[in-house]
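Let's take a walk through a protein model, one stop at a time. Keep the picture open beside you and follow along.

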Amino acid sequence: MGRLTRDPEVRYSQGATPLAIARYTLAVDRRQARGNGGDDQQTADFINCVAFGRTGEFAERYLHKGTKIAVTGRIQTGSYTNKDGVK
């Protein structure tokens with residue numbers, strides 16, 4: 001659960017039946033103990049999300065910067081290196 005850092009970026013695929021593809025970033029608060037004093041330091045993780053189809057259309061209509069949402073799904077990470085060796 002977290003808040004959107006900006007409005008979702010929505011595009012539609014080409015073809016006979018266009019598919020909505022919404023991309024947005026979710027800021028998720030993480031509390032970390034700072035030490036024995038009991039003070040907490042709050043930080044956030046920024047999770048890139050992609051929603052397809054009807055879920056993408058929902059994001060386009062109802063989600064805006066600062067909206068608090070809960071997300072279910074899976075996390076997939078990876079990287080890409082092009083033919084020139086640039087990551």
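By about how much of a helix are Phe-58 and Tyr-62 separated in H1? Phe-58 and Tyr-62 sit four residues apart in helix H1 (residues 53–62), so about one helical turn separates them. There's a handy rule behind this: an α-helix has 3.6 residues a turn, so residues three or four places apart point the same way.

Before going further, a word on what you're looking at: this is a predicted model, in which local features need pLDDT of at least 70, side-chain atom pairs count only at pLDDT 80 or more, and totals for chains, interfaces and linings use all residues. Residues are numbered from 1 along each chain as its sequence is written, and side-chain values use heavy atoms, with hydrogens and water left out.

Back to those two rings. The structure holds one aromatic pair. Its partners are Phe-58 and Tyr-62, with ring centres 4.9 Å apart and planes at 45 degrees, so the pair is tilted. (Rings of Phe, Tyr and Trp, the last by its six-membered ring, pair if their centres lie within 6.5 Å; planes under 30 degrees apart count as stacked, over 60 as edge-to-face, and the rest as tilted.) Phe-58 has 45% relative accessibility, so it counts as partly exposed. On that scale, buried means under 20% relative accessible area, exposed means over 50%, and partly exposed is in between, using a 1.4 Å probe and protein chains only.

Now turn the helix around. Which residues of H1 are buried? They are Gly-53, Gly-56 and Ala-59. These residues cover an arc of only 115 degrees around the axis, so they're on the same side of H1. (The arc is that of the directions from the helix axis to the C-beta atoms.) Arg-54, Thr-55 and Arg-61, on the other side of H1, are exposed.

Time to zoom out. Of the 87 residues, 20% count as buried.

Next stop: the largest pocket, with about 720 Å³ of space in it. A pocket is found on a 1 Å grid over the protein atoms alone, as an open set of points where a 1.4 Å probe fits, with protein on both sides within 12 Å along at least five of seven lines; lining residues have an atom within 4 Å of a point. Grid points are joined across faces, edges and corners, and the volume is the space filled by probe spheres set on the points.

Who lines this pocket? There are 26 lining residues, and Asn-48, Cys-49, Val-50, Val-71 and Arg-74 lie nearest its centre. Strand S3 (20–33), strand S4 (40–52) and H1 are the elements that give two or more residues to the lining, and S4 gives the most, with six. The lining divides into 16 nonpolar, seven polar and three charged residues. (Ala, Val, Leu, Ile, Met, Phe, Trp, Tyr, Cys and Pro count as nonpolar, Asp, Glu, Lys and Arg as charged, and the others, Gly among them, as polar.)

Val-71, in the segment after strand S5 (68–69), is 45 residues along the chain from Leu-26, yet their C-alpha atoms are separated by 9.2 Å. Phe-46 lies in strand S4, and it is exposed, with a relative accessible area of 56%. Between Phe-46 and Asp-29 there are 8.9 Å in space, C-alpha to C-alpha, and they are 17 residues apart in sequence.
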